[in-house]
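Here's a quick briefing to read with the model open beside you. Take a look at the fold before you go through the points.

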Amino acid sequence: MKTIRVVAAIIVENDKIFATQRGYGEFKGGWEFPGGKIEEGETPQQALVREIQEELDTEIEVGELVERVEYDYPQFHLSMDCFLCKIKSGKLVLKEHEDAKWLRRDELGSVAWLPADEGLVEKLSGIT
């Protein structure tokens, strides 16, 4: 099975976490932490900075690795490094996503997360 390596930003501000709704592809409409694929020669942190700049027109500071999620979708295996992040500059402009929300930890369960993100959401209920 093909493995896809991606990164995800858990952007935290004022005790809220930023969640995005996919605007394209097979998982359109599902909620996720923003991020994307790691390109050849990039560290996970570099990939995350690049992806958030491209997708949300925002510069972030990448903090600690919270978790590496390993999840088997029917067509591929997802390996996702999830980092706590802070906004350095920018306004989180949605370029590829359908919607976005700032959620308190106790509100994280109020949206329909993509399957790979569900376990991370449970873990995040106790962090930040």
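Helices (H or I, at least four residues) and strands (E, at least two) are DSSP runs, numbered from the N terminus. You're looking at a predicted model, where local features need pLDDT of at least 70 and side-chain atom pairs count only at pLDDT 80 or more, while totals for chains, interfaces and linings use all residues. Residues are numbered from 1 along each chain as its sequence is written, and side-chain values use heavy atoms, with hydrogens and water left out.

**The whole protein**

- The protein has two helices and seven strands, and from the N terminus they come in the order β-β-β-β-α-β-β-β-α.
- Picture a box of roughly 40 × 30 × 25 Å along the principal axes: that's what the C-alpha atoms fill.
- A compact globule of 128 residues would have a radius of gyration near 14 Å, and the protein's 13 Å agrees with that. (This radius is taken over C-alpha atoms, and the globule rule is 2.2 Å times the number of residues to the power 0.38.)
- Of the 128 residues, 45% are buried. Buried means under 20% relative accessible area, exposed means over 50%, and partly exposed is in between, using a 1.4 Å probe and protein chains only.
- Take the contacts (heavy atoms within 4.5 Å) between residues at least 6 apart in sequence: 67% of them join residues at least 24 apart.

**Helix 1**

- Helix 1 covers residues 44–56, and its 13 residues should span 18 Å at 1.5 Å a residue; the end C-alpha atoms are 18 Å apart, which agrees. (The expected span is 1.5 Å times one less than the number of residues.)
- Its buried residues are Pro 44, Ala 47, Leu 48, Arg 50, Glu 51, Ile 52, Glu 55 and Leu 56.
- What covers those buried residues? The cover includes strands 1, 2, 4, 5, 6 and 7.

- Ile 60 sits in strand 5 (residues 58–72) and is buried, at 3% relative accessible area.
- Not counting residues up to four places away in sequence, Ile 60 touches several residues, including Leu 48, Val 49 and Ile 52.
- Ile 60 and Glu 122 are 62 residues apart in sequence, and their C-alpha atoms are 24 Å apart in space.
- His 97 belongs to strand 7 (residues 97–104) and is buried too, with a relative accessible area of 9%.
- The His 97 side chain makes polar contacts with the side chains of Thr 20 (3.3 Å) and Glu 32 (3.5 Å). A polar contact is a pair of N or O atoms within 3.5 Å; within protein, one must be able to donate a hydrogen and the other to accept it, and residues adjacent in sequence count only if both atoms are side-chain atoms.
- Leaving aside neighbours within four places in sequence, His 97 is also in contact with residues including Glu 55 and Leu 56.

**Positive phi in the loops**

- Most residues other than glycine have a negative phi.
- Asn 14 isn't a glycine, yet its phi is positive, about 50°.
- You'll find Asn 14 in the loop between strand 1 and strand 2, where it is exposed, with a relative accessible area of 69%.
- Leu 92 is another non-glycine residue with a positive phi, near 55°.
- Leu 92 lies in the loop between strand 6 and strand 7, but it counts as buried at 13% relative accessibility.
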